[in-house]
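Please have the sequence and the model open while reading.

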Amino acid sequence: MLVYSLKRLLLACLVVLTVSGITFILTNAAIDPAKALAGDSASAADIDAIRKAYGFDRPLPVQYFDWLGSALIGEFGESVRMRRPVATLLLERLPVTMSLGACALAFALLLSIPLGVVAALKPNSAVDRVALSLSVLGQALPTFWFALMMIILFGVILRWLPISGSDTWLHFVMPAIALGYYATPAFMRLTRAGMIEVLASDYIRTARAKGLRPPTVLFKHALRNAVIPVVSLAAVQFGFMLGGSVVIETIFALHGVGFLAWESISRSDIPVVQAIVLLISLFYIVLTLLADLLNAYLDPRIRVA
Amino acid sequence: MSAILEVRDLRVEIPIATGTLVPVRGVSFQVERGKTLCIVGESGCGKSLTSLAIMNLLPKRAKRTAGQLALAGADLQGVDERAMADLRGNKMAMIFQEPMTSLNPAYTIGNQLEEAYLRHRRATRAEARERAVYLLEKVGITAAGSRLRQYPHQLSGGLRQRVMIAMALMCGPDLIIADEPTTALDVTIQAQILHLLASLQREFHMGVMLITHDLGIVARVADRVAVMYAGEIVETGTVHEVFASPLHPYTQGLLRCIPVPGKTRRGEHLGSIPGVVPALFGEATQCSFANRCPHAMPACTAAPIPLTAIGADRAYRCVLPVEACVANQARAVAA
């Protein structure tokens, strides 16, 4: 298990390095940092002066390793527009996005796994059909439209929930549902398919032949094996949610990393954009790593691989 | 010697789109304490469903009825699923055909062994572990203590089947139902496992119901034999009687299919029974073997054939009188 974990960790580091390199090249190819810094009204001479002053005239690899070196010690430079260190900005915004992502994932899993289990216990029953309809609906509805409909119903008409800001936990209810609902169908279908397959397996028959009670058979022997693919998917989905939070945070005016990304991209704030892309990809990689380790814990056959 | 398992007129019905399938049609037998009953027959004759019906582990759609179904004198028919679950793994245990897939891949051998004991006994985990180690040693697994921490995928098929046997023995059951326990194993391992089952049976004085299609196994371990064909028992008796003088044409055919060392010559054709098992829809209206039987006559297809008892525990299901059956067999052997 230790060797397996170390191998995975090494692989993850290599992926982070690759992603950071690609991000650096792409942002530099898309935007001229000196021009962005100088502003629209600057003369060619001003831009040249800035290019020299900030070292943008050096070869790209040199700039990259310079940036990477600072990034390794948590130094991401200063935001061009806000004149504040990027690291501070990110640290301020991160808790909001993480809470949103965690709530959304929790909502998605708590809704989809029980639904999937119930659907699997009685395939083609009324419950199964309702769950199927929900999942089709979930995949068909655009997230932003679903969010706006919720705002109209619960925020404007019923006045149950606040529609913008991030002051209390109530502010997170609608954004989390809007963000999490999109992942629900996939989780549910995967749980359902996994449970149906596992419940028909020989070891479930063995468990019943031992006289184990139905809840033990269902939760200890069946669900444990059925959720293994769901765990992998959940990690990937959490990464998607962090990306999807750009839209949701903008709709609900939650001042998280997603909102910051949207602001920075529209203002060509290169250091912030680079840091955010690196941060989100880092999350993605850490989550995939965690999923691998959790999978190895759940399924002992993976550990030897 | 009292019967540990009594089965009379057991039927299994499965409703399907085009009618009702009756894969087990009125089967009766007894398993005695300390004895082995072998149920023999080809694939699809209802052997496995019979065992699942006794354990009440049939698929949901299947319906079970019986004239009598009793374990150690206690009726199994009236009891609800809760009470059945109390008996399963406790008073009656089952060993399955596929050791590779019958253990849960997510839990250690120890966990899966102990869980049966903890379910049925008031015991601590330490006591359950002690019992598991004791039984793993009994079934011939060395270093039992460290095996408990292993996962099923780390064990070979033969070892896994030994674990399954140990698991069945955890609560000291009165009856073991083994459904083709050696079919998925190498021939050399098969012999070891059968030998093991036989010695454990003597030691713990259990009744064993062994389901198999392999007559070689029957000859080695059975006390009594019940030959099944198309959901019915067509012949039953002690292993000696059935092998020495098979009465039913199907049994005679089965026995001709095994080569006899020293007697069957190299290159000689082994026997075979032409035709296939009939589909088991609805009620029997004739002898189910009639379409494959070399001795079929009009009487065979006129009405269902009853099981005829000859002597205390010998019976066969054929229109021919015993003498004619014996004569048929004698002619076949001479030919």
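In the hairpin of β5(B) and β6(B), where two residues lie between the strands, B:Ala72 adopts a positive phi near 50°. The model is predicted, so that local features need pLDDT of at least 70 and side-chain atom pairs count only at pLDDT 80 or more, while totals for chains, interfaces and linings use all residues. Residues are numbered from 1 along each chain as its sequence is written, and chains are lettered from A in the order in which they are written.

**Strands of chain B**
- Strands (E, at least two residues) and helices (H or I, at least four) are DSSP runs numbered from the N terminus, and two strands pair if DSSP finds at least two bridges between them.
- β5 (residues 68-71) is joined to the antiparallel β6 (residues 74-75) by two bridges, and B:Ala70 has B:Asp75 as its bridge partner.
- β5(B) also pairs with β1 (residues 3-16) in the antiparallel sense over four bridges, with B:Leu5 opposite B:Leu71.

**Helix α7 of chain A**
- In α7 (residues 143-157), A:Phe146, A:Ala147 and A:Met150 are buried.
- α7(A) is followed by A:Arg159, whose phi is positive, near 55°.

**Contact between the chains**
- Counting residues whose C-beta atoms, placed from the backbone, lie within 7 Å, 23 residues of chain B are in contact with 18 of chain A.
- α3(B) gives the most to this side of chain B, with four residues.

Conventions. Two residues are in contact if their C-beta atoms, placed from the backbone, lie within 7 Å. A residue is buried if 20 or more other C-beta atoms lie within 10 Å of its own, exposed if 12 or fewer, and partly exposed in between; C-beta atoms are placed from the backbone.
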